[in-house]
Amino acid sequence: MISQTSGVALIKAVSVLLALVTAILLARSLGPAVYGKLSLILSVAGLVAVPLQLGLPVLVIRIAVAARMTGRGNELMGILTFASRWIFFGRTAVVAISYVGAIASDNERLLHFGTIVGVRVFLNAHASIRRAAIRGLGQVFQSQLPEVV
């Protein structure tokens, strides 16, 4: 238990350090205008990903723990399949809304913005679901790795 806790703390510390270095390098190399656009995209993607998940990570943890205790892995596979389909649908909706907005406003930048946000939402939501499944199966240390990568 102590080794897992120290491992998670080490991963979090390395993650924070890498995020700081990455932010500094991006800010210096991209310049204020492009870095501001990147920050906006990441912020919108984070805001859209939260309601899109609909509490699925918590449900996945509960079902993974139950599957681990009872040995019924079919339920876990079923909820992971459902979550993947739901996230794909949500990502497709985000991109479709941005396409409609781009066509209506004749703004090509909105099209690119929506596509990037859609892909980012897809990756964030899938990482969250996978992390929850790994955590529910009792592998807390390993569940932190996708977040760092």
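**Close-up views of a predicted all-helix model**

At 11% relative accessibility, Ser128 counts as buried. The model shown in these views is predicted.

View 1. Ser128 is a residue of helix H4. Once neighbours within four places in sequence are set aside, Ser128 is in contact with Gln53 and Pro57. Ser128 counts as buried because its relative accessibility of 11% falls under the 20% limit.

**View 2. His126, another buried residue of helix H4.** His126 has its place in helix H4. With a relative accessible area of 16%, His126 is buried. Apart from neighbours within four places in sequence, His126 is in contact with Ser84 and Ile87. Gln53 lies 73 residues away from His126 along the chain, yet the C-alpha atoms of the two are separated by 9.1 Å.

**View 3. Gly118 in helix H4.** Gly118 is also found in helix H4. Its relative accessible area is 0%, and Gly118 is therefore buried. Leaving out residues up to four places away in sequence, Gly118 touches Arg91, Val94 and Val95. A glycine elsewhere in the chain, Gly90, is 28 residues from Gly118 in sequence, and their C-alpha atoms are separated by 8.4 Å.

**View 4. The whole chain, for orientation.** The protein chain has five helices and zero strands. Read from the N terminus on, its elements run α-α-α-α-α. The chain has 149 residues, and 28% of them count as buried. Among contacts with a separation of 6 or more, 67% are between residues 24 or more positions apart. The accessible surface of the chain comes to about 9500 Å², and carbon and sulfur atoms account for 72% of that area.

**View 5. The largest nonpolar core.** This core has 14 residues. Those with the most contacts inside the core are Leu56, Val60, Leu76, Ile79, Leu80 and Ile129. At least two residues of the core come from each of three helices: helix H2 (56–70), helix H3 (73–105) and helix H4 (108–136). A second, separate core has seven residues, including Ala45, Leu52, Val117 and Val121.

**View 6. Leu56 and the residues it touches.** Leu56 is one of the residues with the most contacts inside the largest nonpolar core. Not counting residues up to four places away in sequence, Leu56 touches Ile79, Phe82, Ala83, Trp86 and Ile129. Trp86 returns in the next view, as part of a ring pair.

**View 7. The aromatic pair of Trp86 and Phe89.** A search of the whole structure finds one aromatic pair. The pair is formed by Trp86 and Phe89, with ring centres 5.7 Å apart and planes at 40° to each other, and it is tilted. Both residues lie in helix H3, three residues apart, which is about one turn of the helix. Trp86 is partly exposed, with a relative accessible area of 28%. Phe89, by contrast, is exposed, with a relative accessible area of 51%. Phe89 counts as exposed because its value is over 50%.

**View 8. The salt bridge of Arg72 and Glu75.** Side chains of opposite charge can pair when their charged atoms come close. One salt bridge is found in a search of the whole structure. Arg72 forms this salt bridge with Glu75, and the closest N and O atoms are 3.0 Å apart. Arg72 is partly exposed, with a relative accessible area of 44%. Glu75 is partly exposed as well, with a relative accessible area of 38%.

**View 9. A nonpolar patch on the surface.** Leu17, Leu20, Val21, Ile24 and Leu25 form this patch. Together they have about 470 Å² of accessible area. Leu25, one of the patch residues, is found in helix H1, which covers residues 2–53. At 54% relative accessibility, Leu25 counts as exposed.

Key
Residues are numbered from 1 along each chain as its sequence is written. This is a predicted model: local features need pLDDT of at least 70, side-chain atom pairs count only at pLDDT 80 or more; totals for chains, interfaces and linings use all residues. Side-chain values use heavy atoms; hydrogens and water are left out. Helices (H or I, at least four residues) and strands (E, at least two) are DSSP runs, numbered from the N terminus. Buried means under 20% relative accessible area, exposed over 50%, partly exposed in between (1.4 Å probe, protein chains only). Contact means heavy atoms within 4.5 Å. Accessible areas come from the Shrake-Rupley method with a 1.4 Å probe; for residues, only the protein chains shown count as cover. A nonpolar core is a set of buried Ala, Val, Leu, Ile, Met, Phe, Trp, Tyr and Cys residues joined through side-chain atoms within 4.5 Å. Rings of Phe, Tyr and Trp (its six-membered ring) pair if their centres lie within 6.5 Å; planes under 30 degrees apart count as stacked, over 60 as edge-to-face and the rest as tilted. Patches are made of residues with over 30% relative accessible area and no salt bridge: like charges are joined within 9 Å, nonpolar side chains (Val, Leu, Ile, Met, Phe, Trp, Tyr) within 5 Å. A salt bridge is a side-chain nitrogen of Lys or Arg within 4 Å of a carboxyl oxygen of Asp or Glu.
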